[in-house]
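Let's walk through this fold together, one question at a time. Have the viewer open and follow along.

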Amino acid sequence: MRCSCANNAYFFTKSINRSVNNARMWYKLCKMAVLTRSACRFSTLPGEKSTIYALSSGKGKSGVAVLRISGPGTSDVLMQLTKKILPPPRLASLRTIYHPTTTEILDRGIVLWFPGPHSFTGEDVAELHVHGGLAVVRSTLDALGSFARTREAQPGEFTKRSFFNGKMDLTEAEGVADLIHAETEAQRRQAYRQMAGSLSRKYSEWRERLLRARAFLEAFIDFGEDEQLDPGVMDEVKTTVQSLHEELKAYLNDHRRGERLRNGVQITIVGEPNVGKSSLLNALCEY
């Protein structure tokens with residue numbers, strides 16, 4: 001998986017190499033390359049005020065079902081559902097869960113409270129761990145939907161809010177999605193590394209090197225003729241940019257190994273009847 005930052009930075013460094021004798025062009029292109037960081041991280045959530053909820057565990061009958069709530073109204077929702085004050089943050093508490101309108105007891109389960117910004121989404125978050133029967137889950141979702149400012153979350157919306165609130169960047173959000181859909185150990189390992197920030201660290205290191213090159217260019221342009229700067233400044237900039245160009249070129253020329261690992265490869269085995277197609281498939285699958 002690659003973020004668009006890598007492609008942008010590669011083409012910028014390629015252009016810089018072609019303009020090696022033009023310091024002002026170098027400065028302009030380096031500045032554009034640094035701006036590509038906005039494609040990987042945002043820090044504000046535009047105009048989002050609603051409190052969302054959803055079943056976070058899998059659908060169907062189970063021993064335990066986890067329902068997640070996130071948003072500015074989470075604390076009020078949790079207190080009305082349990083008819084008690086908020087539990088201590090990040091400490092599991094056993095509570096009876098009521099319907100806020102009918103006051104009927106829905107279930108008795110574990111409640112977790114994560115005040116923002118120290119939560120997955122960066123907002124106030126609560127989790128209800130209830131019995132996983134279909135009727136229990138359905139009645140609890142109905143109770144959550146009975147509040148005026150709550151609504152059911154769209155697919156991936158908790159991760160989206162985490163991204164917009166600066167809790168993770170785009171590559172880490174993509175890693176979360178890949179980890180959820182991973183079917184093999186190789187897919188799981190790759191998705192976890194990405195979710196843990198391996199790509200973010202790589203892109204951040206490239207960005208820091210571009211920023212350093214940009215700083216030297218600014219100094220050379222602003223003070224090169226008036227001050228006695230180190231004569232090797234421009235050589236260091238050139239070496240840094242050329243090195244980055246080669247690294248980005250090699251990185252982008254990986255034949256999309258990560259995408260093939262994530263999506264798998266479709267293979268057709270064709271042959272006459274009874275020539276061993278099934279035996280070959282079983283051998284490949286180690287069955």
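Q: Leaving aside its neighbours within four places in sequence, which residues is Leu 78 in contact with?
A: This is a predicted model, and in it Leu 78 is found in helix H3, residues 74-82. Setting aside the neighbours within four places in sequence, Leu 78 is in contact with Leu 86, Pro 87, Val 111, Trp 113, Ala 126 and Leu 128.

Q: Is Leu 78 buried or exposed?
A: Buried means a relative accessible area under 20%. Leu 78 has a relative accessible area of 1%, so Leu 78 is buried.

Q: How far apart in space are Leu 78 and Leu 112, C-alpha to C-alpha?
A: In sequence, Leu 78 and Leu 112 are 34 residues apart. In space, the C-alpha to C-alpha distance between Leu 78 and Leu 112 is 9.6 Å.

Q: Which residue of E2 is the bridge partner of Tyr 53?
A: Strand E1 (residues 51-55) pairs with strand E2 (residues 62-70) in the antiparallel sense, over four bridges. The bridge partner of Tyr 53 in E2 is Ile 69.

Q: How many of the eight residues of H5 are buried?
A: The buried residues of H5 are Glu 157, Phe 158, Thr 159, Arg 161, Ser 162, Phe 163 and Phe 164. They pack against E1, E2, E6 and helix H6 (170-181). H5 is largely enclosed by the rest of the structure, because the number of its eight residues that are buried is seven.

Q: Are H6 and H7 roughly parallel or roughly antiparallel?
A: H6 and helix H7 (residues 185-195) pack with their axes 7 Å apart, at an angle of about 150°. Angles over 145 degrees count as roughly antiparallel. H6 and H7 are therefore roughly antiparallel.

Q: How do the residues of the contact of H6 with H7 divide into nonpolar, polar and charged?
A: H6 passes H7 in a left-handed crossing. From H6, the contact includes Val 176 and Leu 179, and from H7 it includes Ala 191, Tyr 192 and Met 195. The division is five nonpolar, three polar and four charged.

Q: How far apart are the axes of H8 and H9?
A: Helix H8 (residues 198-223) packs with helix H9 (residues 233-252) at an angle of about 155°. That makes H8 roughly antiparallel to H9, and the crossing is left-handed. The axes are apart by 9 Å.

Q: How many nonpolar residues does the contact of H8 with H9 have?
A: Among the residues making this contact are Trp 206, Phe 216 and Phe 220 of H8, and Val 237, Leu 244 and Tyr 251 of H9. By class, two residues of the contact are polar and five are charged. The nonpolar count is 15.

Q: Which residue does a cis peptide bond join to Gly 116?
A: Most peptide bonds are trans. Here the omega is about 5°, in the loop between strand E4 (105-114) and strand E5 (125-132). The residue joined to Gly 116 is Pro 117.

Q: What is the relative accessible area of Thr 103?
A: Thr 103 is found in the loop between E3 and E4, and its phi is positive, near 60°. Thr 103 is partly exposed, with a relative accessible area of 45%.

Q: Is Asn 274 buried or exposed?
A: Asn 274 lies in the loop between helix H10 (257-263) and helix H11 (277-284), with a positive phi near 60°. Its relative accessible area is 82%, so Asn 274 is exposed.

Terms used:
Residues are numbered from 1 along each chain as its sequence is written. This is a predicted model: local features need pLDDT of at least 70, side-chain atom pairs count only at pLDDT 80 or more; totals for chains, interfaces and linings use all residues. Side-chain values use heavy atoms; hydrogens and water are left out. Two strands pair if DSSP finds at least two bridges between them. Helices (H or I, at least four residues) and strands (E, at least two) are DSSP runs, numbered from the N terminus. Buried means under 20% relative accessible area, exposed over 50%, partly exposed in between (1.4 Å probe, protein chains only). Contact means heavy atoms within 4.5 Å. Axes are lines fitted to C-alpha atoms, for helices over the stretch in contact, and angles run from 0 to 180 degrees between N-to-C directions. Angles under 35 degrees count as roughly parallel, over 145 as roughly antiparallel, 65 to 115 as roughly perpendicular and the rest as oblique. A crossing is left-handed if the near helix is turned anticlockwise from the far one by less than a right angle, and right-handed if clockwise. Ala, Val, Leu, Ile, Met, Phe, Trp, Tyr, Cys and Pro count as nonpolar, Asp, Glu, Lys and Arg as charged, and the others, Gly among them, as polar.
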